[in-house]
Amino acid sequence: MSKYTATGAQLAIRSITDYDANNATGNITPSAWQTQFQAEMRQPLMQGGGLTFNRIAGPGAVPGNYNGVLIAKVNNDLTAAEFRQQLRDYISDVITAYWDLYFAYRSLDSKRDALQRSQVTWQSFDALKNNNRRTGPDEAMAREQYYRFKSEVNDAISGQLGVQTMERNLRLLIGITITDGVLLRPKDEPNEAPLVFDWDSIAIEAVQLRSELQQTRLKVKRSQMEVLAAKNFLMPELDLVSTYRIRGLGKRLAGANSAFRELGSGDFQEYEASVELRMPVGFRQAHAAVRNAQLKVQRQNTLLREQERRILRDLTNDVVECDRAYVQMQTNMNRYLAATDALKGMETNRDFGLPISLEQLLDAQRRASEAQTKYYLSLSQYAISTKNVQYQQGTLLHAIHLMVLDEQPAPVSMKDIISEAVPSAPPTSP
């Protein structure tokens, strides 16, 4: 049985029993049993010794292969950060699917309204056609408009971007039965209030909270620890060895005049204390391991800087997109109100029997339907762009009040790593 201590010492207890039978002329007996119990302590004084090295490299480490408790902790933090990243991506997909379904319903509502208006128009001109043949082309135009809107309604119900398709996408994401006889409809309405972002605050949060950057910083910590461990192998192996041994020898293994009986008497005991020195010529493997670990640190630091730049670029794009979506929402709302007023005015004139242009009426119906659809599209885009800012900022899970245990790994400094922790590169402020 053996055990490694935190300082790299190996404590061992061994039991050795062997049997020798041969016809050598110098033997007093033709066969003999030999048994011994041995206790040994081996403490590395240079290579392999020290609390920090053994917590990084672990027992029996070789250059380039480290499995200590600190490495295991970093790997565990990496797994937790990857889980948070995947959970964040999943929540983002669910929110996007929710607002896509919201827009699909609103688009269907606008097209149904347009279909009802076009049906009334067609019926009125169809009635005139029976009394006056000259209105035949007008009736055909109104009929074409009706079937045009009916086709759009059909697409809005079961097309690629229709209600049924978007509803099935949402069901798939949230893990409920695809078809259960109930049609889901979003309850919440998008936020129409303007959002003003403090760039300095959200940029710092993005650099500190994004899971991708947390994972890269953890990899930097792991690589820095590997550099410390690799440098330990540049020292020679100098071990302090202390051994205690008790022996027994006999013709039989057990019983009278046996090896076990002599062992129990304690007459034959040994103690050994020694210093062992081993040193490879050139330390080529150790130098290669140090160089490889240093290159990994440089690579991860470079990757971290590039990820920070990319994340800040993406955050900028999403903030600009959020502002654009809000302006577009206001513009499309004004367009929708104007198109609705124009259509209502023409329909009022028609109801009072005043002369109106059929082409203008049909065009007003199309414009009102298109403006209504565009308004709700920009409304859903504004909601999605707001979510995207929170996504890039790294606060999406907090925004929906979804907490994950051990959510943020504690920042660690280089001073901490030398004494039981891991070095950490501080985040760069934008």
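The side chain of Y19 makes a polar contact with the side chain of S31, at 3.5 Å. A polar contact here is a pair of N or O atoms within 3.5 Å; within protein, one must be able to donate a hydrogen and the other to accept it, and residues adjacent in sequence count only if both atoms are side-chain atoms. The structure is a predicted model, in which local features need pLDDT of at least 70, side-chain atom pairs count only at pLDDT 80 or more, and totals for chains, interfaces and linings use all residues. Residues are numbered from 1 along each chain as its sequence is written, and side-chain values use heavy atoms, with hydrogens and water left out.

Let me stay with Y19. This residue is placed in strand β2. Helices (H or I, at least four residues) and strands (E, at least two) are DSSP runs, numbered from the N terminus. Y19 is partly exposed, at 44% relative accessibility. For these words, buried means under 20% relative accessible area, exposed means over 50%, and partly exposed lies in between, with a 1.4 Å probe and protein chains only. Leaving aside neighbours within four places in sequence, Y19 is in contact with S31, A32 and W33, where contact means heavy atoms within 4.5 Å. Y19 and L249 are 230 residues apart in sequence, and their C-alpha atoms are 9.9 Å apart in space.

I turn now to the salt bridges. How many salt bridges does a search of the whole structure find? The search finds 25, a salt bridge being a side-chain nitrogen of Lys or Arg within 4 Å of a carboxyl oxygen of Asp or Glu. In one of them, R14 pairs with E40, and the closest N and O atoms are 3.4 Å apart. R14 lies in strand β2 (residues 10-21) and E40 in strand β3 (residues 31-44), so this pair ties together parts that are 26 residues apart in sequence. R14 is partly exposed, with a relative accessible area of 31%, whereas E40 counts as buried at 14%.

Another salt bridge joins R171 and D180, with 2.8 Å between the closest N and O atoms. Is R171 buried or exposed? R171 counts as buried, with 0% relative accessibility.

E308 is buried, with a relative accessible area of 7%, and R217 counts as buried at 9%. Elsewhere, salt bridges that share partners join R42, E237, D239, E276 and R278 into one network.

Let us look at helix α6 itself. The helix has 22 residues and reaches 32 Å from its first C-alpha to its last, close to the 32 Å expected at 1.5 Å a residue. The expected span of a helix is 1.5 Å times one less than its number of residues. Of the 22 residues of α6, 18 are buried, so the helix is largely enclosed by the rest of the structure.

The next topic is the loop between β3 and α1. Q47 is found in this loop and counts as buried, at 13% relative accessibility. A polar atom of the Q47 side chain lies 2.6 Å from the backbone oxygen of M235. Not counting residues up to four places away in sequence, Q47 touches N232, F233, M235, P236 and E237. L45 is placed in the loop between β3 and α1 (51-57) and is partly exposed, with a relative accessible area of 49%.

Q381 is partly exposed, with a relative accessible area of 30%. The C-alpha atoms of Q381 and K3 are 378 residues apart along the chain and are separated by 62 Å. Helix α9 has 36 residues and reaches 52 Å from its first C-alpha to its last, close to the 52 Å expected at 1.5 Å a residue. G394 follows α9, and its phi is positive, near 85 degrees.
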